[in-house]
Each structure stands twice: as structure tokens, then as C-alpha cells.
Amino acid sequence: MEDGGGWTVIQKRTNGKVDFDRKWEDYKNGFGHFQSSKDEFWLGNDHIHALLSDGENVMKIELMDWKGERSYAMYDNFKVSDEKNKYRLHYGMYSGQAGDALSGGSNMVEQWSASHNGMQFSTRDQDHDRYLQGNCAVENRGGWWYNRCHAANLNGRFYRGGEYKAKYDNGVVWSTWRGLWYSLRRTAMKVRPSFYMDNIGSGVGPIEQQDI
């Protein structure tokens, strides 16, 4: 109920104990643990769609690196379609401190290949991305709204320590904040109806100490 109230957390990464490299049905129904502040989970695409289907909603994405520094990104008019349309993602204006990674960053070429707006959801057993040479979900180790492939990959492989080396940029990534080759320590994605009074302030208040 802090941070303005009314939030529902739909994703959380805290320690790497939950495997996010999962198939379509897992992402459809949800997985992980919901009991404590250190649990990791994905709420489930069916549940996320239902949660966002009635009116306009705001998404807040909270991020923390391995030095304990925090940042955030917010998107208005955040929507996820139903399974028939492969849980296609749509969102409106960005605000925040971490940069607009969901739109691919500021470069037009990067936006064309990495923007997640309008993308369908992909998993390792269902490929709906725009990458013709492979499956982004397989390369990047998690279900997500991949393009060709990503500038944000919050369901990627959990690497400890921040900077990592791998064949693909498959970490827990928010590229406009720490880059493609830095895997974040904690993330949380949460939504609420747009009509709630805005009491967010700087975006790094007490809620982030508790949630991520």
C-alpha cells in the first residue's frame, strides 16, 4: 500500500533461486513463490491480461544493481492481450530514471530491432519474435516480449556480480541503465490503475527497500 498504493506485483527477481527459462504453459499460468519479500515469481500471462483488461493501467519497473543503487521506469496505458493474440504487449509514454529500454533506447536502428512495444510473448517452446535466425527466448534464457531480440530482458538468466560474459546478452538486463552486459541484482514489475493518486516522488522510496 506504499508508493501511492494500489500496486499488484507481477514479476520479481531477487536471488536466482527460481528458474525463469520455462515453457509457454508455465508463463501462462505463473510460477515461483509469493510468500516473502525475497521470493521470485511470474504472476502468469493469463492473470496479467485479466488484471490489465479493465481500464488504463500504469506499469512501474523497479531495478537494483549489485552496488545497491536503485532506479525505475514507468509506462502509462500498459496492456497485455490474451493468449489468442500471444499476449501482445502495448504501452504508452515512458517516464523515470532508468531510460526507456522497452522502446529500445534512443537510437532509431536499435528501436527498430529492440523495441518491445507491439511484440508478442515468446518462450523456448513457442517462438513469436521477429528474429529469423533463431528463437530469442532460447538464446536469452527466459520468456519475454522479444523483438530481434531485446533491450530489456528482465526474465533472463540470473548472473551474480553484475558484469558477465556469455555467448548472448542473456542476463537480467535493462540496457539503458546498466547496459546489455550487466545482469541486475533485483527487479520488480508492478501495475495499478491509472486513476490512483500519484505519490511516487523520486521513485526510490520505502517501497523499493521492501519490494526489491
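Visitor: How many residues sit between E4 and E5 in their hairpin, and which residue in the turn has a positive phi?
Guide: Five residues separate the two strands of the hairpin, and the turn residue with a positive phi, about 90°, is Gly-68. This is a predicted model, where local features need pLDDT of at least 70 and side-chain atom pairs count only at pLDDT 80 or more, while totals for chains, interfaces and linings use all residues. Residues are numbered from 1 along each chain as its sequence is written; side-chain values use heavy atoms, with hydrogens and water left out.

Visitor: How many bridges between E4 and E5?
Guide: Six, in the antiparallel sense. Strands are DSSP runs of E with at least two residues, helices are runs of H or I with at least four, and both are numbered from the N terminus. Two strands count as paired if DSSP finds at least two bridges between them. Met-59 stands opposite Tyr-75 in E5.

Visitor: And what about E5 and E8, how many bridges there?
Guide: Three, again antiparallel. Ala-73 has Gly-96 of E8 opposite.

Visitor: Is E5 largely enclosed or left open?
Guide: Five of its six residues are buried, so E5 is largely enclosed by the rest of the structure. Buried is under 20% relative accessible area, exposed is over 50%, and partly exposed lies in between (1.4 Å probe, protein chains only).

Visitor: What's the strand order in the open sheet?
Guide: E2-E3-E1-E11-E4-E5-E8, seven strands with antiparallel pairing. E2 (31–32) and E8 (94–96) are the edge strands, each with a single partner, so one side of each has no neighbour in the sheet. E1 and E3 are joined by two bridges, and Gln-11 has Trp-42 in E3 as its bridge partner.

Visitor: What does H2 lie across?
Guide: H2 lies across E1, E3, E4 and E11, at about 145° to E1. Axes are lines fitted to C-alpha atoms, for helices over the stretch in contact, and the angles run from 0 to 180 degrees between N-to-C directions.

Visitor: Which residues of H2 are buried?
Guide: Asn-45, Ile-48 and Leu-52, within residues 45–52. Down the axis of H2 these fall within an arc of 60°, so they line one face of the helix. The arc is taken from the directions from the helix axis to the C-beta atoms. An α-helix has 3.6 residues a turn, so residues three or four places apart point the same way.

Visitor: Changing topic: how many residues in the largest nonpolar core?
Guide: It has 41, and Trp-42, Ile-61 and Met-189 are among those with the most contacts inside it. E4 gives the most to this core, with three residues. A nonpolar core is a set of buried Ala, Val, Leu, Ile, Met, Phe, Trp, Tyr and Cys residues joined through side-chain atoms within 4.5 Å.

Visitor: What does Met-189 touch?
Guide: Leaving out residues up to four places away in sequence, its contacts include Trp-42, Ile-61, Trp-145 and Leu-154. Contact means heavy atoms within 4.5 Å.

Visitor: How many disulfides?
Guide: One. Cys-136 is joined to Cys-149, S to S 1.9 Å, the cut-off for a disulfide being cysteine sulfur atoms within 2.5 Å. Cys-136 is in H4 and Cys-149 in the loop between H4 and E9, 13 residues apart.

Visitor: Left-handed or right-handed?
Guide: The S-S torsion is about -85°, so the disulfide is left-handed. Cys-136 and Cys-149 are both buried.

Visitor: And which residues does Ser-113 contact?
Guide: Asn-147, Arg-148 and Cys-149, leaving aside neighbours within four places in sequence. Ser-113 is in H3.
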